[in-house]
Structures are given as C-alpha cells and as structure tokens.
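This briefing considers the fold of one chain and the side that it turns towards a partner chain. Please consult the sequence and the coordinates alongside the text.

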Amino acid sequence: MALLDRRVFVAILVAVVVVSAIIAVAFDLNQSRSPPAKQPGSFLMIANANGFNDSIDHGVPQNSWPIITVQKGTTVTITVYNSDVVAHGFQVVHYFDSSIQTIPPGMSLKVTFVANTTGAFRIYCSIFCPVHGFMQSGELLVQ
Amino acid sequence: MMAMLGFAVSFLAWFASTAIPAFVGLVIITGAGKFVRPKLLAAFGFGILLWFFLDTIGGSANLYVNLGFTGGLNQFAIFALFVIGVILLFFADHKMFSGDAPGESFDFRIPLLVAIAVGVHGLGEGTAFGSTAATTSSTSILQAFGGVSAGVAYLLHKVLEPMMIGACYVVYSQARSKKASGWLKDLLVLTVLFVIPSLVGAATGYYISYDATYFFALGTGTSAYAALRLARPLFMGSVPATSYESLKVGLWLVFGFTCIYLAALFHS
C-alpha cells in the first residue's frame, strides 16, 4: 500500500461496489426489453452487433445495406431499435443529420421526414463503437 | 445464440490489441518527455482528451439527454453514475486543488488515478467487444469488428488514449520519470491499470448481456479528473507569459486533437 493510501483504497472499493451494482441492474433492465412492432408503411431497422439489419451478412462496407427506396414526396418513417449492449447513433445525410442522435440499448428512435429531394443519401451511425463499421453503409434512395 | 467467436481467441485478441498499443503509447509520450517540456505534453494530452470526452459521452448515449424528461430511472442512473465518476476521483485525490506546483510534492499516485480515470471507459468498450464476439454472425475476428480500417482505428486509439496518462506521469512524477531503472516498471503498472477495466468488460460481456452505457457514463465522469489534471500544468510554469508561449501550447493541444481525430477517420 505504499502507492495507494487508504483514501484511494476506499475509492477503489467504492468503484468496485458501484460497478458490480451497475452490472446487476443493467443486466436486469436488459432482460425486459423487446423490439417495437413494425408499423405498416414504415421501416424498421434493428441495430445490433451485426450492424443495421444484419449488415455484416450483406457485404458491407463494400455494398450498401440496408437500402430504403422511396418515391419523391413520400413521408418516410423509420424506427430504429437498438438491441445491442452499447448505444448507437442514427443519421441520414440531408434528411436527418442536423444533430447527433444516440439510441441507448433497448430503446427506439422514430424518425419521420418528407423525402423531397431525389438522390442517394447515406444512412450511418454517428458515434464511435466497435461495430460502428457495419453501420456506415446504409442508403436512402429517393427516386 | 451460439457464439461465433470463441472466448479464448477473442479475449486474447482484445487483450493484445489493447495492452500492447497502450504500453507503446506510454513509452512514446514519456520518451518524448525527455525532449519536450512537460507543459507542452500536457497540452498534447489535453487535445486528446477533448476527443476522448466526446467519444465517451457518446458511448453513454449523451447521458440520455435525447430522452428529455422521459428517461425515468435509467436516465437518473446514467446521470448519477456520471456524478459518481466525478466525485470518486476528486475524493481519492485530496491534493487535487492544493497549491503545490506539479512535479514538486506530487507523486506517482496522480498518474495512477489518471490511468483509472481514463481506463474506466474500457469497461464499456470491453463489454461491447465481448458481446459482439459472442453474438456476431461472422467467423473472422477482424471482420466482426469492422475490418482492417476499424481495427487500425482501434489500435491507434489505444496508442493515443494512454498518452493522457503518460503526459500526467511526465508532469507529476518528474523525479520518477527521469530514472532509467523504474521508468518501464511504472509504465507497466499504468498499462495494467488502464487495461484491466477493458478486460473485465470483455470477459463479462461475452457471457452476460447488459447495458454498457452505464459504464460509459461512469467513464465520462471520471474523465473530468483527467481533464483537470491535464489542464493544471497549462496554467503554471516558469516560462514568461507571452503570445508565443500561448501559441505553442495551443499548437500542441491542436496536435493532440488532430492525432486522435485522424485515428477516428479510419473508423468511418
């Protein structure tokens, strides 16, 4: 204990207790969450360790996935459910990128906008996370 | 779901990709301490911290601020953990706001506490890693974590983040950092403290599915300690206050920020 005096020892002890409590509570809360039901006419995206809607199985980042195709003028509703253990971000270039939106684990984000500009717009996760790479290649195609 | 990546392989990979770069980062920054003034290294570390704070608070879903007043108990717990993170380390370091000048009466305890402060966020990262390893549909560890580019980004981050600790070591443990014999041993201790939370997170996250944002909230709070410890030497020193000195400190801060910003570019 030459380097760590009693005060530091107490602090570390408190930290261990706090972290243990967090694990217990977080584990319990995580068990009771379930994804939202898909609404007719809307898009449901599940964010997890495999990306957005299992991007990893669809050749990202070389390929775009998921791809949402809509006609110009359509009111687009996207519900993003985060079933992962870490927070994820969700942005759509041009349509939904004016602020950083983060979705805590087990929670959903509902995004609605009118697709009034044609083109291809990237859908991506806006925060740094280990599976972030799979969440950079979504695409909104407005025709 | 059946794990697609084995525990031993993924855990060892996580350990190696976290501990080795961390040690290298500490060696680089403390080695640089032989040529660069401690104050400038602190500015460099503070530049890294600016980005680190953004990363960590992002991992906590910005302390659930997007939920407004509707977050309930979860939101309260997240914010409470941020507060605990701040208070815990301020309490542990009772010399925090004393009038002593850095490097005079301080000891190895400060870099140790900074290592804890910076390392706590590793609990969240490790949890994410463990969970991903256990649930990924990929059979390649590199692919499971976003490919080569994302891997490079992670390694660079793990070189840079401990530099905040190393800068504090150079500033606050000047007598120790100049000794050739104990120097590497100290860095090893700092590396272990920095890495342990990450390994705990990876091991538990592999087997138990739980919400890692709580750990990031705690890490956001503890990073406040690192911020103040890195900021303090910027306002002290024997060099006269001139515009040139301010410019130099500013440039070193920008340098640190730019390094971690470039590392993050690999991740996008």
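The points below cover architecture, dimensions, packing and the interface.

The model is predicted. Chain B contains 11 helices and 0 strands, and 49 of its residues are in contact with 39 residues of chain A.

**Architecture of chain B**
- In sequence order, the elements of chain B follow the pattern α-α-α-α-α-α-α-α-α-α-α.

**Dimensions of chain B**
- The C-alpha trace of chain B spans about 60 × 45 × 30 Å along its principal axes.
- The radius of gyration of chain B is 19 Å, which agrees with the value near 18 Å that a compact globule of 268 residues would have.

**Burial and contacts within chain B**
- Buried residues make up 53% of the 268 residues of chain B.
- Among contacts in chain B with a separation of 6 or more, 89% join residues 24 or more positions apart.

**The side of chain B that touches chain A**
- The interface involves 49 residues from chain B and 39 from chain A.
- On chain B, at least two residues of this side come from each of α2 (38-59), α3 (72-92), α4 (109-119), α5 (121-135), α7 (147-172), α9 (180-207) and α10 (213-231).
- The helix that gives the most to this side is α5(B), with 9 residues.
- By class, the side of chain B that touches chain A comprises 24 polar, 21 nonpolar and 4 charged residues.

Methods. Residues are numbered from 1 along each chain as its sequence is written. Chains are lettered from A and ligands numbered from 1 in the order in which they are written. This is a predicted model: local features need pLDDT of at least 70, side-chain atom pairs count only at pLDDT 80 or more; totals for chains, interfaces and linings use all residues. Two residues are in contact if their C-beta atoms, placed from the backbone, lie within 7 Å. Helices (H or I, at least four residues) and strands (E, at least two) are DSSP runs, numbered from the N terminus. Ala, Val, Leu, Ile, Met, Phe, Trp, Tyr, Cys and Pro count as nonpolar, Asp, Glu, Lys and Arg as charged, and the others, Gly among them, as polar. The radius of gyration is taken over C-alpha atoms; the globule rule is 2.2 Å times the number of residues to the power 0.38. A residue is buried if 20 or more other C-beta atoms lie within 10 Å of its own, exposed if 12 or fewer, and partly exposed in between; C-beta atoms are placed from the backbone.
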